[in-house]
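The sequence and the structure come next.

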Amino acid sequence: MSAPTAATTTQPAKIELLELLAAIGTAQWQDFAAAAARHGLTSMQAKVLAQLGGPVPMRGLAERLVCDASNITGIVDRLEAHGFVRREVSAADRRVKNVVATDLGRETIRRVRDEMQATHGALDTLDESEQAALYALLERLRPVMEARGKER
C-alpha cells in the first residue's frame, strides 16, 4: 500500500482499512509467536492459553480457534503435560471436560504478552489520547466481528 499523497482523499477505502488491519494482525501474530517460542510454546499452544480466562469446554476452544476438536485435544495434551493447563469435569454436565489454566499457565501467557516487544513498541508511538481512541474504536468493532464469526 502506498503512502497517501496530497491528491488522495482523507477518507480511506474499506480495502485500505482491511489491508491495514491484516498487516497489523499479521505483525502482532508474528510477535506473539516469537514471544511464545521463547517460553517453549508453539503459537497455537499460546493461543489456547490466551483463551483461558476461566474454564472453557474443549469444544468451545475448538470453536473459538476455528479448528477441529481433535487438534485441540493434542494441543491441550501437550499443555497439560507441561503443567500449563488441567482438565476438569464440568459441574453443569459431567460429560464435558473444561480446560483450565494453571498458575504456571496464567503466568506464562502474561509473560508472553509482556514480551511482545514489537507490538508494545508500536503502541508506544501513540499518545494516551490516541491509545484511548484506538481502544474505543476496536471495542466498537469487536462485538460485530465476534458475532459474525459465530454465524459461520
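## Helix α2 against helix α4

In this predicted model, Met 44, Gln 45, Val 48 and Leu 49 of α2 meet Ile 72, Ile 75, Arg 78 and Leu 79 of α4. Contact means heavy atoms within 4.5 Å. Helices (H or I, at least four residues) and strands (E, at least two) are DSSP runs, numbered from the N terminus.

Helix α2 covers residues 43-50 and helix α4 residues 69-81; their axes come within 10 Å and cross at roughly 85°. This makes α2 roughly perpendicular to α4. Axes are lines fitted to C-alpha atoms, for helices over the stretch in contact, and angles run from 0 to 180 degrees between N-to-C directions. An angle of 65 to 115 degrees counts as roughly perpendicular, under 35 as roughly parallel, over 145 as roughly antiparallel, and the rest as oblique.

## Helix α1 against helix α2

Helix α1 (residues 14-37) packs on α2 at an angle of about 100°, with the axes 9 Å apart. The two helices, α1 and α2, are therefore roughly perpendicular to each other. Trp 29, Phe 32, Ala 33 and Ala 36 in α1 meet Ser 43, Ala 46, Lys 47 and Ala 50 in α2.

## Two loop residues

Thr 102 sits in the loop between β3 (97-101) and α5 (103-114). Thr 102 is buried because its relative accessible area is 15%; buried means under 20%, exposed over 50% and partly exposed in between (1.4 Å probe, protein chains only). Apart from neighbours within four places in sequence, Thr 102 is in contact with Gly 83, Phe 84, Val 85 and Arg 86.

Val 66 belongs to the loop between α3 (58-64) and α4. With a relative accessible area of 61%, Val 66 is exposed. Val 66 has a positive phi of about 50°, although it is not a glycine.

## A nonpolar surface patch

Leu 123, Leu 134, Leu 138, Leu 141 and Met 145 make a nonpolar surface patch of about 450 Å². Such patches are made of residues with over 30% relative accessible area and no salt bridge, with nonpolar side chains (Val, Leu, Ile, Met, Phe, Trp, Tyr) joined within 5 Å. A salt bridge is a side-chain nitrogen of Lys or Arg within 4 Å of a carboxyl oxygen of Asp or Glu. Areas come from the Shrake-Rupley method with a 1.4 Å probe.

Helix α7 (residues 128-151) gives the most to the patch, with 4 residues. Leu 138 lies in α7 and, at 42% relative accessibility, counts as partly exposed.

## Basis of the values

Residues are numbered from 1 along each chain as its sequence is written, and side-chain values use heavy atoms, leaving out hydrogens and water. As the model is predicted, local features need pLDDT of at least 70 and side-chain atom pairs count only at pLDDT 80 or more, while totals for chains, interfaces and linings use all residues.

Terms used. Patches are made of residues with over 30% relative accessible area and no salt bridge: like charges are joined within 9 Å, nonpolar side chains (Val, Leu, Ile, Met, Phe, Trp, Tyr) within 5 Å.
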